[in-house]
Amino acid sequence: MKNKLLLLGDEAFALGALNAGLSGAYAYPGTPSTEIMEFVQTNPLTKERGIHCHWSSNEKTAYEAALGMSFCGKRTFTSMKHVGLNVAADPFVNSAMTGANGGFIVVAADDPSMHSSQNEQDSRFYADFAMIPALEPSTQQEAYDMAKYGFELSEKLNMPVLLRFVTRLSHSRAVVEIDTEPDAQNNFSYPAKARQWVLMPAVSKQRNKQLIKDWDGFVKASEKSPFNRYEDAPRHEMGIIASGVAYNYLQELYNGEVPFPVVKISQYPLPVKLIRQLYNSCDSIMILEEGQPFIEKSIRGILDTDKRIYGKLSGEVQRDGELSPDSVKDSLINVVPTICRLTADKIKAVPEVVVSRPPALCQGCGHRDVYGALNEALSKYEDSKVFGDIGCYTLGFLKPFNAIDTVVDMGASITMAKGAADAGQRPSVAIIGDSTFTHSGMTGLLDAINENTPMTVIISDNLTTGMTGGQDSQGTGKIEEICLGLGAHPDHVRTIDSLPKNHDEMVKLFSEEIDYEGLSVIVSRRECIQTARRHAAKK
């Protein structure tokens, strides 16, 4: 029996995983993946079954914990945004060597157009690089269905499975048919091939040879996948390969009646036989894929190149940003204007009410007071540099603060400030949030402590992971103890409340520690205004 619900793509996968016998979810919040874990945390089945669903300190720890649960035979997933997979890359690549025991799905939510990210990287390249099978849903229904399918595929192949989302699918809603009776959880069990979980060189050499042999089986699984298919049509002047959400856009353009043959791809490795079938039956090929030209690059190694292949590399499909039904239409019209049966109507201008507006720090945000005091404290120096990090406080780069000089990746503020100080930069200041500090900042601080590097680290503690909606921060109430435990000098681990009334005191404190010729840590604390409102409402 089936029920119907209106769900985000993130929610659809989360519910699919719960109904497929999930035992544990591990994640670090990051747009557009955050709602996956939040859905699990608030679902009644989670409490009923005792499903683990606490936030992890970072994506690497989340991945390794999920791998440990898979080792014990349980079904589990870890979810993260695309740049989070960079943090988890070490265990991700090595888990192809260990394999999986209980079903293990790795959700990577890519962010084409960089709505809240530093780059547009495409997680499919990671799966191909590590030789791990991957899934890419086209619809919210497929996101739901792929949870159970992905667990089963993982257990059949004894491999982790990557599930690639994109922002538009994660954050849009559609009606999804769901199961009313959830599957039972897996029993506790250990891997049948326990030896391959110990990646000593002798073991890894054997395992690598086996993984290469297994790849052909992964390809065959893609060719038989219910999510990959060849769809014939009357016009063979051109064939279309469409993957993931791009397939959805193509169907929307033609109301489900595309006049050209289509190969739909939602499981990887690429289904070689289906692609060759399309190539052999059509005069040319167009490739529609969200993100980077992964299929287009791969296909040129699969097929002869006698026929014209249109895509991102050849310039007919836009290379950056998100695809849309309109951009797909433009690509088709430019290539086959006489046969594509689409009118070249101009796209209407976006109404001003929905034009993108730059974000800004909330009124009443403690980060504002930190930047106001920091700018004043640094005004007496000619060449001060402030190294920023990933979080709400990144907005300190914008007017009116113009307060930070670099932002690269999670935790880079402390390590870059250290490198700059090593080069002779004075003053060298790092600013980092409490959640980012426990995610990736602690190891960099340890380096600076060991050398007593002349730099100042400001931990702007708002008692939450504010940028992604107010999830728990792993260091709440423990920041100073962590810094002291790492070895920071007690005289130079100082705390202040970042309130407007404390402005002069903050300026004085910042100035004293910036002038200190050694490592100092300032914890500037004030609860996020958004979480404070929610806490007040609950009371």
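M114 counts as partly exposed because its relative accessibility is 39%, where partly exposed means between the two limits of under 20% relative accessible area for buried and over 50% for exposed, calculated with a 1.4 Å probe on protein chains only. This is a predicted model, in which local features need pLDDT of at least 70 and side-chain atom pairs count only at pLDDT 80 or more, while totals for chains, interfaces and linings use all residues. Residues are numbered from 1 along each chain as its sequence is written, and side-chain values use heavy atoms, with hydrogens and water left out.

M114 is placed in the loop between β4 (104-110) and α7 (124-130), where helices (H or I, at least four residues) and strands (E, at least two) are DSSP runs numbered from the N terminus. The phi of M114 is positive, near 50°, although M114 is not a glycine. N158, also not a glycine, has a positive phi of about 55°; N158 lies in the loop between α8 (140-157) and β6 (161-166) and is partly exposed, with a relative accessible area of 37%. Most residues other than glycine have a negative phi, and most peptide bonds are trans. Against that background, a cis peptide bond joins T31 and P32, with omega about 15°, and P32 belongs to the loop between β2 (22-27) and α2 (34-42). The peptide bond from K399 to P400 is likewise cis, with omega near 5°, and P400 is found in the loop between β14 (385-387) and α16 (412-423).

Turning to the helices, the axes of α1 (residues 9-19) and α2 come within 8 Å and cross at roughly 45°, the axes being lines fitted to C-alpha atoms, for helices over the stretch in contact, with angles running from 0 to 180 degrees between N-to-C directions. That angle makes α1 oblique to α2, since angles under 35 degrees count as roughly parallel, over 145 as roughly antiparallel, 65 to 115 as roughly perpendicular and the rest as oblique. The contact (heavy atoms within 4.5 Å) is made by D10, E11, F13, A14, L15 and L18 of α1 together with T34, E35, I36, F39 and V40 of α2. In helix α14 (residues 325-335), the buried residues include S327, V328, L332 and I333, and what covers the buried residues of α14 includes β9 (239-243) and α11 (244-253).

Strand β3 (residues 75-81) has seven of its seven residues buried, so β3 is largely enclosed by the rest of the structure. In a regular strand the side chains alternate between the two faces of the sheet. Here R75, F77, S79 and K81 point one way from β3, and T76, T78 and M80 point the other way. β3 pairs in the parallel sense with β2 over five bridges, where pairing requires that DSSP finds at least two bridges between two strands, and six bridges join β3 to β4, which also run parallel. L22 has R75 as its bridge partner in β3, while K81 stands opposite A109 in β4.

An open sheet of five strands has the order β14-β15-β16-β18-β17, with parallel pairing. Its edge strands are β14 and β17 (493-497), each of which pairs on one side only, and the twist averages 20° from one strand to the next. Helix α16 packs on this sheet, touching β14, β15 (428-433) and β16 (455-461), and its direction makes about 175° with that of β15.
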